[in-house]
Amino acid sequence: MTPPASLMDARSVAELRQSIQHCAERGLSVASKWSSELYYAIPSNKRDGLTSEAFATFSTSTPARSRSPRPSLSFADPSPASSAALCIPVIPGNQTHLSPHFSDVRAQETELEIQDEAALFAARAFMTAKEFTRVEFTVKNCKSAKAQFIYVYSCFLAAERKAQRDWYRQNNTRGQPPVPINRLLTTLLDMVKNATDPWLLFLKAVFLSRLNRREEAIESIIRSISGYHWNWSVWTLLCSCVGDGDELTALLPLLPLPATHPLILMFQIRTMNELHSPSEHELAMCDRLLGDDCFRDSAWVMSLRACALYHLHDFGQAEKQFEKILAIAPHRIDDIDVYSNILYVTDNRLKLSRLAHEFLELDKDRPEVCCLVGNHYSLRAEHEKAVKYFRRATELDRTYLSAWTLMGHEYVEMKNSHAAIEAYRRAVDVNRKDYRAWYGLGQAYELLSMHRYALYYYQHATALRPYDVRLWQAQGACYEEIGRLKEAVECLKRALLGADPRETTIHMKLAKLYEELDDQAEAAAYHRRVVEICRIEERPVQDYAKSSIFVARHHMVIVGGDLLLAKDYLERVANSNAEEVAQASDWLKKLKSVLITRPPIPITEENSDR
């Protein structure tokens, strides 16, 4: 049997290695850090061997322009289906051919970069120091594509900084907009509207995305990826443009890389984690990426896997995965907030306290650390201190979604519904795809007894996470409060689809609702299910005594009821120490008189088949 092809061949290793420098030269520090982490995680013997092989056969120059012209990527025709909007005529996995004049273009670009060398060196230093206006001035008259990228990017970053300052200046005032407004976006977009360079196409996608022109942004992203694969920032941007799992499924065949390419796998896992909907399929992808032929010791890929386990509510395995990450990279702060959430949910106070103190000493000005410390105080029921640290996290990073959401949770605990609503609204402004903020808004409005408002937000949450039991239960409770019992029943039935088979609370609730709807047969059916589950689980009779009496009483009053079943149920309760013993004994007496006048009909094989 032929072994599976290696995910990281010589060419891919060489491209990853180059991307470290290519991203750093353009000021994309996050993408450069990501490439460095992955390159470092490749086993050294494999990395050195493949790199030597690759550099013997592969040119190391950076393409200055997109390769051969792409097929039409127009999104102009509207479509009612989200997936249809992504129907771009691109053949998956195809490698684009070099255009006849590519060598001439590359040579010309190299010559321009040599001419711009001094300015590029200075711009890179200024970019590192975050002196964006100096970068603008330094490369303004340069001609190379790299200098053009740095110029436009520095203009964008300077405008972002100004927008942030103006926004914070209006903090806690009525005139403050939900998010900072960068008024230069349209001008910046005009600068790159005819771009063909993959890096400039990335910036074009950033501007389009910020202007809520999502389909056009996706088009530019695909063209950028086609010209340069290993810019992780463009993949992150694409992840933020995907609305749900169906859109992701429609998008994957349109990407200009084979389905087994490491970038496709990482993008898919990251997107499903962002949508809070990973599955065993994504875990299998993580395991493949962590194989000996790929990124065996990558803390970043392990973190992807840990986050997938967290969203799957497998907290035990997720905790073990984070412990393994900290053993490899003890000072890694990325995703430490997710680890703190796991320790919070599992009520591991000792480990959470130790982790909070260690990382607070390491870097107290990282939002992830502030979130970790906030969770530590929240678990100790010191909600004011928890809010202080969550607010500090949002001051360090306004787009830090977890801090806004967790701050809302703390305000709910403090019964401060209005402050909770404000925090959750900020979370929704940051990311409308996060179900937790919508769910939090629903909870806050429930505290105010505004059940119709709560219902609206719960519906948003269930649309984003359709198999979450809690969300359907919450929606059902709202329907019950406003007297729409049939809708409440439908919600609880949906909740049962994702519930534990041994769950009894939802069954009891459904039985109660059917009683209120005067549908005794359905109520008895759910009560009987409660009894069956409890007896299989060998739970105490107290847990199902009321259900037993209801089922027995129902069979006693209906025509053709199962009197032997009623007798069995009543005797179990009468012989127990449940509170309903006297009630069960009274019904047993009535049952004996019923048995005299109406003998039970034995259930034969013929009857049961019928």
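User: What should helix H30 span at 1.5 Å a residue, and how far apart are its end C-alpha atoms?
Analyst: This is a predicted model. Helix H30 covers residues 563-574, and at 1.5 Å a residue its twelve residues should span 16 Å. Its end C-alpha atoms are 16 Å apart, which agrees.

User: Which residues of H30 are buried?
Analyst: Leu 563, Leu 565, Ala 566, Tyr 569, Leu 570, Val 573 and Ala 574.

User: Where do they sit around the axis?
Analyst: On the same side of H30, because they cover an arc of only 160° around the axis.

User: What does Asp 562 reach at the start of H30?
Analyst: A side-chain oxygen of Asp 562 comes to within 3.4 Å of the backbone nitrogen of Leu 564.

User: Changing topic to rings. How many aromatic pairs are there?
Analyst: The structure holds 18 aromatic pairs. One of them is formed by Trp 34 and Trp 300. That pair is edge-to-face, with 5.9 Å from centre to centre and 85° between the planes.

User: Where in the chain are those two?
Analyst: Trp 34 is in helix H2 (residues 29-41) and Trp 300 is in helix H15 (residues 299-311). They are 266 residues apart, and the pair links distant parts of the chain.

User: Are Trp 34 and Trp 300 buried or exposed?
Analyst: Both Trp 34 and Trp 300 are buried.

User: What about Tyr 310 and Phe 315, which kind of pair is that?
Analyst: Tyr 310 and Phe 315 form a tilted pair, 6.1 Å centre to centre with 50° between the planes. Tyr 310 has a relative accessible area of 15%, and buried means under 20%, so Tyr 310 is buried.

User: Which residues form an aromatic cluster?
Analyst: Trp 438, Tyr 445, Tyr 453, Tyr 456 and Tyr 457 form one aromatic cluster.

User: And what lies over the faces of Phe 126 and Trp 587?
Analyst: Arg 134 lies over the face of Phe 126, at 4.0 Å from the ring centre. Over the face of Trp 587 lies Lys 590, at 4.4 Å from the ring centre.

User: Now the charges. How many salt bridges does a search of the whole structure find?
Analyst: The search finds 39 salt bridges. Among them is the one between Asp 287 and Arg 305, where the closest N and O atoms are 2.9 Å apart.

User: Which helices are Asp 287 and Arg 305 in?
Analyst: Asp 287 lies in helix H14 (residues 280-289) and Arg 305 in helix H15, so the pair ties together parts that are 18 residues apart in sequence.

User: How do Asp 287 and Arg 305 count, buried or partly exposed?
Analyst: Asp 287 is partly exposed, with a relative accessible area of 41%. Arg 305 counts as buried at 18% relative accessibility.

User: What does Arg 296 form a salt bridge with?
Analyst: Asp 297, with the closest N and O atoms 3.7 Å apart. Arg 296 is partly exposed, at a relative accessible area of 35%, and Asp 297 is partly exposed too, at 39%.

User: And Arg 349, what is its partner?
Analyst: Arg 349 forms a salt bridge with Asp 347, and the closest N and O atoms are 3.4 Å apart. Arg 349 has a relative accessible area of 46% and is partly exposed. Asp 347 counts as partly exposed at 45% relative accessibility.

User: Which residues are joined into a network by salt bridges that share partners?
Analyst: Lys 33, Asp 334, Arg 366 and Glu 368 are joined into one network.

Conventions: Residues are numbered from 1 along each chain as its sequence is written. This is a predicted model: local features need pLDDT of at least 70, side-chain atom pairs count only at pLDDT 80 or more; totals for chains, interfaces and linings use all residues. Side-chain values use heavy atoms; hydrogens and water are left out. Rings of Phe, Tyr and Trp (its six-membered ring) pair if their centres lie within 6.5 Å; planes under 30 degrees apart count as stacked, over 60 as edge-to-face and the rest as tilted. Helices (H or I, at least four residues) and strands (E, at least two) are DSSP runs, numbered from the N terminus. Buried means under 20% relative accessible area, exposed over 50%, partly exposed in between (1.4 Å probe, protein chains only). A charge sits over a ring if NZ of Lys or CZ of Arg is within 6 Å of the ring centre and within 35 degrees of the ring normal. The expected span of a helix is 1.5 Å times one less than its number of residues. The arc is that of the directions from the helix axis to the C-beta atoms. A polar contact is a pair of N or O atoms within 3.5 Å; within protein, one must be able to donate a hydrogen and the other to accept it, and residues adjacent in sequence count only if both atoms are side-chain atoms. A salt bridge is a side-chain nitrogen of Lys or Arg within 4 Å of a carboxyl oxygen of Asp or Glu.
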